[in-house]
Amino acid sequence: MGPIRGFKRRKKAADKKVVDQNVLPSSATVASSLGSQPQPLDWWDTFSKRISGPLSKSKDSKSFESVFRISRKTFNYICSLVKEDLMARQSSFTDINGKPLCLNDQVAVALRRLSSGESLSVIGDTFGMNQSTVSQITWRFVEAMEERGLHHLNWPSAEEEMEQIKAKFEKIRGLPNCCGAIDITHVVMTLPTMDPSNNIWFDREKNYSMILQAIVDPEMRFRDVIAGWPGSLSDAVVLRSSGFFRLSEEGKRLNGKKLNIAEGTDIREYIIGDAGFPLLPWLFTPYQGKGLSDLQIEFNKRHAATRMVAQMALARLKEMWRIIHGVMWMPDKNRLPRIVLVCCLLHNILIDLEDEVLDDMSLSHHHDTGYRRQNCESYDQSALIMRDKLSLYLTGKLPP
């Protein structure tokens with residue numbers, strides 16, 4: 001299976017329904033949708049009582065936000081997204097006592113698995129169900145989110161939205177007409193070393209890993225992602241293999257308004273990335289080498305400060321959805337890219353819904369611990385010239 005790409009799909013009518021995110025569904029409403037399964041008015045009061053194991057001994061076990069790391073408002077919204085798919089066919093999911101699992105139960109199990117990164121056995125013991133049940137529920141949730149949540153991850157199509165993004169990027173450290181920041185992170189895996197087919201996943205830092213490439217906006221929202229390429233590939237190769245690269249080269253992306261910075265000099269729309277990427281007319285990277293001029297040093301400082309949003313977004317993604325944090329034990333390499341994509345969708349949903357749990361999260365930019373920065377020597381000559389002119393413009397030294 002090839003890499004999974006985040007791209008824009010036509011919104012379905014179901015996606016446009018207005019959801020009351022602040023009020024739990026009433027007993028009558030949920031009961032009618034789930035057939036004969038009776039539901040308590042406050043689902044969490046009942047569900048929290050089934051928590052056992054180490055989590056039950058924690059003082060946080062009674063707090064919904066501590067267990068699932070999202071607010072009730074966001075949880076209710078996610079339930080509304082996947083309800084049609086999870087409840088479309090009669091499921092036989094039950095706990096160890098044979099009690100059927102309702103929609104909220106299933107979403108809770110899947111979210112705990114994705115957010116905690118705990119093993120299937122630990123999740124099963126915590127909520128009183130078999131490992132196979134946890135696995136099946138999680139995968140059905142991933143499939144449903146792929147279909148119903150994809151509208152939360154798209155490249156801006158409206159000029160007004162893109163202009164807002166540019167303005168916010170410029171406010172960081174003055175880079176004009178910037179549309180995004182790109183970065184790459186590795187999802188580390190444990191794979192059988194005796195299987196030669198796994199060598200492709202063996203990366204430069206002597207880990208088995210899968211790559212996630214992401215482009216983010218100033219609010220750390222993912223705008224384009226691609227996951228699934230082996231860790232042995234360089235950042236530049238992954239970029240050139242992406243749909244974003246093809247669209248940009250064909251003039252179908254980053255093709256909006258140009259900014260006139262001097263007579264006869266226009267800056268097109270572009271994104272920024274670190275030195276692991278090639279310097280392109282639509283992708284500005286920092287100056288490399290020793291003996292840089294003051295002008296080049298100043299550009300690099302502005303570039304690094306602006307690019308930080310991509311690093312922080314990936315750090316928050318891994319911190320929030322810990323199933324892709326640390327080392328995964330022999331994951332299904334066909335399913336893993338889809339799990340990564342859903343984690344990115346959930347990351348964006350928290351931002352879109354302005355979930356208050358984000359206010360309590362510390363901001364870090366360390367997302368690839370143990371990985372050294374790559375250096376790409378490839379560059380486009382016209383991009384070299386344009387970067388120099390942009391550097392002069394930023395310091396007020398470009399002739400009008």
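How many aromatic pairs does a search of the whole structure find? The search finds 19 aromatic pairs, where rings of Phe, Tyr and Trp (its six-membered ring) pair if their centres lie within 6.5 Å, with planes under 30 degrees apart counted as stacked, over 60 as edge-to-face and the rest as tilted. The model is predicted, so that local features need pLDDT of at least 70 and side-chain atom pairs count only at pLDDT 80 or more, whereas totals for chains, interfaces and linings use all residues. Residues are numbered from 1 along each chain as its sequence is written, and side-chain values use heavy atoms, with hydrogens and water left out.

The protein chain has 14 helices and nine strands; these are DSSP runs numbered from the N terminus, helices being H or I of at least four residues and strands E of at least two. Of its 400 residues, 52% count as buried, a term that means under 20% relative accessible area, with exposed meaning over 50% and partly exposed in between (1.4 Å probe, protein chains only). The accessible surface comes to about 18,600 Å², of which 50% belongs to carbon and sulfur atoms; areas come from the Shrake-Rupley method with a 1.4 Å probe, and for residues only the protein chains shown count as cover. Among contacts (heavy atoms within 4.5 Å) between residues at least 6 apart in sequence, 72% join residues at least 24 apart.

A pair of aromatic rings is described by the distance of the centres and the angle of the planes. In the search that gave 19 aromatic pairs, the rings of Trp 43 and Phe 64 are edge-to-face, because their centres are 6.4 Å apart and their planes stand at 75°. Trp 43 lies in helix 2 (residues 43-47) and Phe 64 in helix 4 (residues 64-68), so this pair ties together parts that are 21 residues apart in sequence. Trp 43 is buried at a relative accessible area of 5%, and Phe 64 is buried at 3%. Phe 47 and Phe 68 form a tilted pair, with 6.3 Å from centre to centre and 40° between the planes. Phe 47 belongs to helix 2 and Phe 68 to helix 4, so this pair also ties together parts 21 residues apart in sequence. Phe 47 is buried at 2%, as is Phe 68 at 0% relative accessibility.

Arg 335 lies over the face of Trp 139, at 4.2 Å from the ring centre, and the charged end of Arg 387 sits over the ring of Tyr 287, 3.9 Å from its centre.

In strand 3 (residues 208-216), nine of the nine residues are buried. One side carries Tyr 208, Met 210, Leu 212, Ala 214 and Val 216, and the other carries Ser 209, Ile 211, Gln 213 and Ile 215. Strand 3 pairs in the antiparallel sense with strand 2 (residues 178-190) over nine bridges, pairing being defined by at least two DSSP bridges between two strands. Val 188 has Ser 209 as its bridge partner in strand 3. Seven bridges join strand 3 to strand 4 (residues 222-230), again antiparallel, and Ala 214 is partnered there by Val 225.

Methods. Lys NZ or Arg CZ within 6 Å of the ring centre and 35° of its normal.
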